Amino acid sequence: MATLQLDNVSKSFGNQRVILPLNLDIPDGEFCVLVGPSGCGKSTLLRIIAGLEKVTTGRIYIDDDDVTQGEPADRGIAMVFQSYALYPHMTVERNIGFGLEIAGLPKDEIQQTVRRTAEALQIGHLLNRKPRELSGGQRQRVAIGRAISRDPKLFLLDEPLSNLDAALRVGMRLELIKLKQRLKSTMIYVTHDQTEAMTLADRIVVLNKGKIEQQGSPMELFHNPVNRFVASFIGTPAMNFLRVEQAKVGNKDHFILGSHTLTMPLKARARTSNKMYLGVRPEHLSLSPENADYEIRGKVFAVEKMGSESFLYLYANDRELVLKCGEDVEVAIGNTIPVYGKLATSHLFEYGGMRISADRPLGKKTVRPASNQ
């Protein structure tokens, strides 16, 4: 196990800067997930940590040792790639133990380590097979086993589940959770799949265009996103955003949404524009008006039945809106219906994207004369 520190690390390819200067500290034993859209720099950052790419600026420390210019083999890391990268002519046993052979370990010690690793990954019965005789999930376990067998300081995993089908991905996520609990090692995991990030991570680092947008525990990012990008990237389906306008009613700040004027207790810095967005997650909207602070009317254009839950898709205020509800919902496509939200589970965002901090939980509604939706 090890700690990792990135100090003002950046990376450029020619005139193109793909990683802006950033700092990141990962403590011993943490499972840290780097998440973001394609092209955000997450795989490049992982390769920098591994030593497969050199930094343009900054320093890298593993256990307080400066490894910035160190070779990959000298960093005490093991990396699992998106592709399995198994040797097709070798058995599973030799694939797992090949790195130990290269290191010159005794044969008996290699065999013991390989068998212990294989049993931990539930592939002990596959040791005599070749990669072509394995399923995708089994091949990925072999690749992970090859990394584990070396007993590295850091595990680096670059989208290891992206080549698997949906069912296998769920199964492998569970295996990784078990592995994390068993090894208690420092792991850095790259994915574009926020479901993997939410279920696996002790801490999520959200990357966008080469910079860190936010980092924190999965639920911290879910409930307190710093901007619209994080709010829309974390959570499935993504957060809904509705245009609202700021207005003064007496000495209090309010915002206007359709026929409702809602109390808006904001810090002074937020009063920079009268145009803002109200953000609300699909699971925080309801078909029931009970204790609601605001109402949105929309025309249903799709219904997804997912078994124990359903998703309604509506056109509202010239935007698409999604609502998560129970399995027994019966709404006809083409109908215009009201949906309801609460300020306690809603967010306000500046027009430029930053979330607006409130001095207290968002307030109660007041109603003004109805206007066109």
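Modeller: In this predicted model, the lining of the largest pocket consists of 14 nonpolar residues, one polar and two charged (nonpolar: Ala, Val, Leu, Ile, Met, Phe, Trp, Tyr, Cys and Pro; charged: Asp, Glu, Lys and Arg; polar: the others, Gly among them). Residues are numbered from 1 along each chain as its sequence is written, and side-chain values use heavy atoms, without hydrogens and water. Local features need pLDDT of at least 70 and side-chain atom pairs pLDDT 80 or more, whereas totals for chains, interfaces and linings use all residues.

The volume of this pocket is about 480 Å³ (the space filled by probe spheres set on the points; a pocket is an open set of points on a 1 Å grid over the protein atoms alone, for a 1.4 Å probe, with protein on both sides within 12 Å along at least five of seven lines, and lining residues have an atom within 4 Å of a point). Closest to its centre, among 17 lining residues, are Ile-77, Ala-78, Met-79, Arg-146 and Arg-150. Two or more lining residues come from each of β6 (77–80), α2 (92–102) and α4 (136–148) (DSSP runs: helices H or I, at least four residues; strands E, at least two).

Helix α4 also packs on α5 (residues 166–183): their axes come within 11 Å and cross at roughly 20° (lines fitted to C-alpha atoms over the stretch in contact, angles from 0 to 180 degrees between N-to-C directions). The two helices are therefore roughly parallel (under 35 degrees). Their contact (heavy atoms within 4.5 Å) involves, among others, Ile-144 and Ile-148 of α4 and Leu-176 and Leu-179 of α5.

Note on methods:
Angles under 35 degrees count as roughly parallel, over 145 as roughly antiparallel, 65 to 115 as roughly perpendicular and the rest as oblique.
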